[in-house]
Amino acid sequence: AICKNACEGIDYVLHHAALGSVPRSIDNPIATHEVNANGFLNMLVAARDAKVKRFIYASSSSVYGDNTASPKKEENVGRALSPYAVTKKLNEQYAAVFAELYGMDVLGFRYFNIFGPRQNPTGAYAAAIPLFIDGLLNNKPVYINGDGLQSRDFTFVSNVVKANMLALTAPSEKVRGQVFNIAAGGSTSVLDIFKALKKHSGSSVEAIHREDRKGEIRNSCADISKALSAFGYSAEIASERGLALTIDWFK
């Protein structure tokens with residue numbers, strides 16, 4: 001009922017609600033499924049019934065799973081490594097079915113490690129960058145899982161907003177039923193991210209290495225050419241600039 005009410009009289013839905021975090025999904029797979037799978041289906045049905053013009057949803061780079069190819073291309077996914085990844089793959093399958101069966105104008109974005117101002121550094125499942133910044137600025141312990149050489153396509157949040165706005169008005173024939181990588185199109189190690197943040201902060205805090213986390217992809221880098229071709233997406237703000245903007249906001 002809440003989802004139906006949210007879609008009533010609405011032309012465009014940008015659906016980003018979810019229980020994030022791979023570790024949380026490993027700790028509580030039922031809650032992750034209830035929110036990310038059942039909740040997503042509720043939104044699809046509500047949007048279909050309200051006859052919305054376009055439905056954009058958040059998928060995840062986690063769907064690439066154990067696929068080791070780099071950069072990641074949309075057509076090449078691997079075996080899911082966590083309950084979270086399973087729910088996101090299921091979302092993509094439901095979206096494709098709704099596009100085919102009901103003619104819904106629906107498309108998904110596989111986001112790659114989004115960061116930026118207002119990201120929450122508190123809680124058991126906070127992301128690495130806000131945790132690093134919180135520790136560096138407040139002289140608290142900073143932990144890096146494993147050797148820190150695992151790499152990610154860290155993507156500043158304003159690039160994601162830009163992608164959503166561009167896709168809202170893209171020609172239907174280019175986006176309907178499709179999924180797109182939304183990222184910076186590069187790769188940086190977690191250790192290098194920490195070093196960059198330490199430099200920007202002027203902090204003397206040193207990172208403490210601990211065990212690797214289960215269910216995590218080792219390396220992640222996106223090919224963003226499909227989104228560029230379909231609706232002109234490119235990452236205007238590079239990760240290094242995004243880190244500076246983010247730490248300035250936290251300061």
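Colleague: Which residues form a nonpolar patch on the surface?

Modeller: This is a predicted model, where local features need pLDDT of at least 70, side-chain atom pairs count only at pLDDT 80 or more, and totals for chains, interfaces and linings use all residues. Residues are numbered from 1 along each chain as its sequence is written, and side-chain values use heavy atoms, with hydrogens and water left out. Patches take residues with over 30% relative accessible area and no salt bridge, joining like charges within 9 Å and nonpolar side chains (Val, Leu, Ile, Met, Phe, Trp, Tyr) within 5 Å; areas come from the Shrake-Rupley method with a 1.4 Å probe, and for residues only the protein chains shown count as cover. With about 400 Å² of accessible area together, the members are Tyr-12, Leu-14, Val-157, Val-161 and Met-165.

Colleague: Which element gives the largest share of the nonpolar patch?

Modeller: Helices (H or I, at least four residues) and strands (E, at least two) are DSSP runs, numbered from the N terminus. Val-157 is found in helix H6. The largest share, 3 residues, comes from H6.

Colleague: Where does H3 bend?

Modeller: Helix H3 (residues 29-49) reaches 29 Å from its first C-alpha to its last, close to the 30 Å expected, that span being 1.5 Å times one less than its number of residues. A bend is the angle between axes fitted to the seven residues ending at a residue and the seven starting there. H3 bends by about 25 degrees at Gly-39.

Colleague: Is Asp-134 buried or exposed?

Modeller: Asp-134 and Lys-140 meet in a salt bridge (2.6 Å, N to O), that is, a side-chain nitrogen of Lys or Arg within 4 Å of a carboxyl oxygen of Asp or Glu. Lys-140 is partly exposed, at 39% relative accessible area. Asp-134 has 17% relative accessibility and therefore counts as buried.

Colleague: How many residues apart in sequence are the parts tied together by Lys-162 and Glu-236?

Modeller: Lys-162 forms a salt bridge with Glu-236, the closest N and O atoms being 3.2 Å apart. Lys-162 lies in helix H6 and Glu-236 in the loop between helix H9 (225-231) and helix H10 (239-250), so the distance in sequence is 74 residues.

Colleague: How many salt bridges does the structure hold?

Modeller: One of them pairs Lys-198 with Glu-206, at 2.6 Å between the closest N and O atoms. Others share partners and join Lys-4, Arg-48 and Asp-49 into one network. The number of salt bridges is 9.

Terms used: Buried < 20%, exposed > 50% of the residue type's maximum accessible area, 1.4 Å probe, protein only.
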